[in-house]
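Here is a protein model to explore. Take a look at it, and then let's walk through a few of its details together.

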Amino acid sequence: MNQKYSVKSIALKYSWLFVVAGVLSYVLSKLVIKGSELITDAINTIMDGNAIDIGNLAYRTMWIIIVSMILTFVKTLMGESFSIKVQRDCKNITVESLEKIHYGFFEKNAGTVINKLTSDISDMGTLLSEILPDILQYTVSIITISIALIKMNWLIFAGIIVTFPVVIFSSEIIAKRINELAKKRRGKYDELADIALDNIEGIEVAKAYGIEEVLGKRVTLKADEILKNEYSRNRYQALANGLVQAIKWVPSIICSLIVLFLVLKNVITVGELMAFLVLFGKISSPLSELPFRVIDAREMMISVKRIEALIATPKEASSSYTGNESESAKNLIEMKNVSFTYAGDDKQSDEGRTLKSIDISIKKGERIAIVGPSGAGKSTLFKLLCGFEQVSGGEYYLCGQPFSEWDINAARSLISYVPQDSFLFPETILENVVYGSKDMDLNKAEKACKSAGIYQKICELSDKFDTEVGERGVKLSGGERQRISIARALYKNAPLILLDEPTSSLDEETEKIISKTLSESDERAVIIIAHRLSTIKNVDRIYCLNQGEIVEVGSHEELIKQNGLYAALYGKEGHN
Amino acid sequence: MSITKSLIKSLKMMENRLPLYLLAIVMMTALGALFEVTGSVFMKIVFDCAGKGSVTESKTAMIITIVAGVATIALSSVFMCVYNNEAKRMTLKLKILVFEKSMRFPMTYYEKHHSGEILSKLLYDTDMASNIFSARLRRVMAPIISVTVFAIAMMIINPFMTIVLIVFNMMLFLINTLLSKPMKAVGKRLSEKNMLMTNVLSNMIAGAAISKIYDTNHTGVLKYEKINDEYTAAQRVRMCLGALLETLNGGFDLLCALMFIVIGIIFVGQGLSTIGEVAAIYTLYTSLSWKFLQLGKNFPELVNRIAYAERIFDFLALPEENKEPVSDYAFRQAAGDENAVEYRNIVFGYQDKEKLFSNASYEFPANKLIALTGPSGCGKSTLAKLLLGFYTIESGDVFLFGKSVKQLGLSKVRALIAYVPQEPYMYNVSIMDNIRYARADASEQEVIEAAKLANAHEFILRLENGYDTILVNRGNSLSGGERQRIAIARAILKDAPIILMDEATSALDNESEKMVADAINGLKSKKTVIMIAHRQTTIRMADVVKAIT
């Protein structure tokens, strides 16, 4: 996936479609000119007092119409195909890149990326399927029709070319002024909403003191202020509207007077005057629209640039080793003298983000707990285990193979992870439990949910496993979400479970499930970051972390006997 | 039909402004259309001059036309201003109605609905509904008015050619209407697929950690690419329909233009019309066909907005808190040793939960400091809220100075109590106003007196802007103890016979705690002070300790 992709290169791949559309636009403009010539001739004949051959005129007109209809159809298909194909490819590449982007990127940018990406993709769609074709067509018709007008008489063309920029420029200035006023107004509406929110949030005080009316007055006052502002804005807007409309009339008046002058001087014929009218109608809207389309295009290019930046964001390192079935390494996990520092510049959050000389080895089926004060580096250790971050020094072996030699997806298929804030996708419960697996095995999912102690609750829901969770769906308590998250980990059936216990208080049921997961003896190894030391009394080994270093290792009893950091933490929790 | 009814109901909200508003719509649109008519009249004059080979007779006509054009556009702008003013007036009126309504519900409503949630839904709904006044109605009316104006103008210039053109346009309109249904269906499919794709993306981003660990089979990417293919297929269908529509529109347009000119030429040849008339109708025709296609197009949008208006109507019709007394009841403060508050045989429980009080009775003597104690969840705060009438008791009664709360009515009950909640709310106004909300007519001096009694005066003066300090974000620049003391000042200023205070559970610093205690001590014997007590020091201070069980 090292191939360099950019939106531009994809567009180039399909550029022939765009070129064909451009050529067809040109031919279409030519046909309009052809038609106007027919009219010129016919009118000239009549004005000279001769009869015209109606049949012949109608026949030729029909042909122009039929040909241009066919061409329009083909042109539209070509242009649209171009935009559809480019859009499809760009989207696919975006999502493929997104999957492989380094985890730290999401940690830093999660909120903004979602908001921007969605609107960027839709902007790109608009650019490709509306703005670009418009620009193409406008440019082509402006050029071809301008040439025809120059041929008729250069003075007419000069009239158009001088008046239009003046008109567009002056109406732009007026519009800009109005926009500045509008900006101020937006702020005022926000203030109104803030007052309303203030009133609702303080409703308890409002009711107790009987001051709903007084507070309501704040809304009315602000609304009056806004209204006054709106009135003055409306006056400006009406003035601008009148001016812009009147100014836009100027080119057509000036140009027709020029043409009239030329007719009277016998430089051009009445027939050509009619042709001018037809061609002027075809060129005036492209002339006034084109600058705005170009501005739009430039704005949307920003979105395209952002998408390209996303595609170019560094990917996770991944190698080729995919493991073998008869994996018989002694240690599932082994870390030797591992150290870690965050690359990059955010020094302010250095605390708890560095690790020093970490030695850990975990065998199949072992239960391990990691404890320590907040900021000791527990979560950072998990990130290294998951491959979200790479070790800066020392070695990390997974199943006896250096982690850096693993294919990242193969390595992760060996790990189940239950994050601290259990994340549920806004989908059904079943989809959440089986997330990422190729096929949905309802039986297996039910079993996992039973082990996670959430099956009963799911059965009570009206749609059972098909219940949607999240904003639109059913509201689950923190503990229930946690247990679904555990069910997901159990469903995956990986040889290693990483469990980041939530810091906030657990409900009894969830605490029971976590203890059970830790005490059940099977092939799976479990590593838990524990905040409640009561849950981990029976684990095989406890690593006690402080300031990025392992300060104590041993079973609960051993560590209590040592009377060090662990014993102190245990005492603080109110045990004796 | 209910949609028409709702539209009429919405419009009726404009009251006596409605005729002016409608007149403004008609005038601004009609005048705007007339402006285009003057443009085509100008063309007619130009062509007639060209045909005759001289301008001398038409100079005045040209100038008159231009002046008339400028006049119509100026007048149209004036009406546009009127229209916008009325539309905005209505928008704000709607907002005020909704915001005022949003404060009149019983307390239970606010506990069920999160304040941010209430507001964002309200803002969205009112914005959508007020769109009827500021755009949607006009957009439905405008094409009808414009087409009428153009048709009349064209009829005056040359009726026969106009009829031919209108027939052409009808056919075009028909084609567009026929194709609009499948177009809409595809559009819907596209937006559905688009939403699904966005979901996959946001799942991948928001759940990055989970995706990376669990989705080692790339199911997310595969799903996205599959939907993308479906999306592309739908886009292809739309492309074909679009191309067909564009071809027919464009072709028809060309056909009309050329056929019209051919017919025009024949007419001119036979002396049935002048070349100027052909030119004038040709320019008008472009505007007419454009407006013709707009007919009915904006109607669905209007209907959509009316649905929001209906939601606003529903909201405005929700039951409000009834604060009126049952009977006209003159309140006299009872003398001496009477109970300030008495709960008699009350029964109350939160919805579908166990009863908190079943047949409970409490008596609180007047002008004493009473501490309510009990384990958390025993109903101390609920007892306070029942007194304030935030909840309705199921049976039994509460008496204030011997008078039944039910008969007093909520307004009078609340006037007798100055309440200091556990986490007192600070409004986004100055400290002065925050305290003064207790009594709107209080002088600055009275506010300061109250602040002094509440031990708040000192720290307020130490703030940079003193009493004029604006409290933002619920006053979180102040400490919990400071907020508490401002709330006590507010309660003191109210000068109600009963002060009801829910002591903060969260720790106040020692200094603040002492200050608050002193303030309360100062109130003893002048007022009946009921404290929901969490601290031993408070309980020790009390004249009477009531354990709630």
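Let's start with one residue. Leaving out residues up to four places away in sequence, V447(B) touches M432(B), I435(B), R436(B), A442(B) and L493(B); two residues are in contact if their C-beta atoms, placed from the backbone, lie within 7 Å. The C-alpha atoms of V447(B) and M432(B) are separated by 7.0 Å, and the two sit 15 residues apart along the chain. You'll find V447(B) in helix 15 (residues 444–453) of chain B. Is V447(B) buried or exposed? It is buried, because 25 other C-beta atoms lie within 10 Å. The cut-offs go like this: 20 or more other C-beta atoms within 10 Å of a residue's own means buried, 12 or fewer means exposed, and in between is partly exposed.

A quick word on the ground rules. This is a predicted model, where local features need pLDDT of at least 70 and side-chain atom pairs count only at pLDDT 80 or more, while totals for chains, interfaces and linings use all residues. Residues are numbered from 1 along each chain as its sequence is written, and chains are lettered from A and ligands numbered from 1 in the order in which they are written.

Now zoom out to chain A. It has 17 helices and ten strands, which are DSSP runs numbered from the N terminus (helices: H or I, at least four residues; strands: E, at least two). Of its 576 residues, 40% count as buried.

Where do the two chains meet? The contact takes 100 residues from chain A and 102 residues from chain B. On the side of chain A that touches chain B, helix 7 (residues 212–264) gives the most, with 27 residues. Here is how that side divides by class:

| Class | Which residues count | Residues on the side of chain A |
|---|---|---|
| Nonpolar | Ala, Val, Leu, Ile, Met, Phe, Trp, Tyr, Cys, Pro | 59 residues |
| Polar | the others, Gly among them | 24 residues |

One helix pair crosses between the chains. V270(A), L273(A) and L277(A) in helix 8 of chain A meet M43(B), F47(B), A50(B) and G51(B) in helix 2 of chain B. By class, this contact has six nonpolar, one polar and no charged residues. Helix 8 (residues 270–312) of chain A and helix 2 (residues 18–52) of chain B pack at an angle of about 160°, with their axes 10 Å apart. Axes are lines fitted to C-alpha atoms over the stretch in contact, and angles run from 0 to 180 degrees between N-to-C directions.
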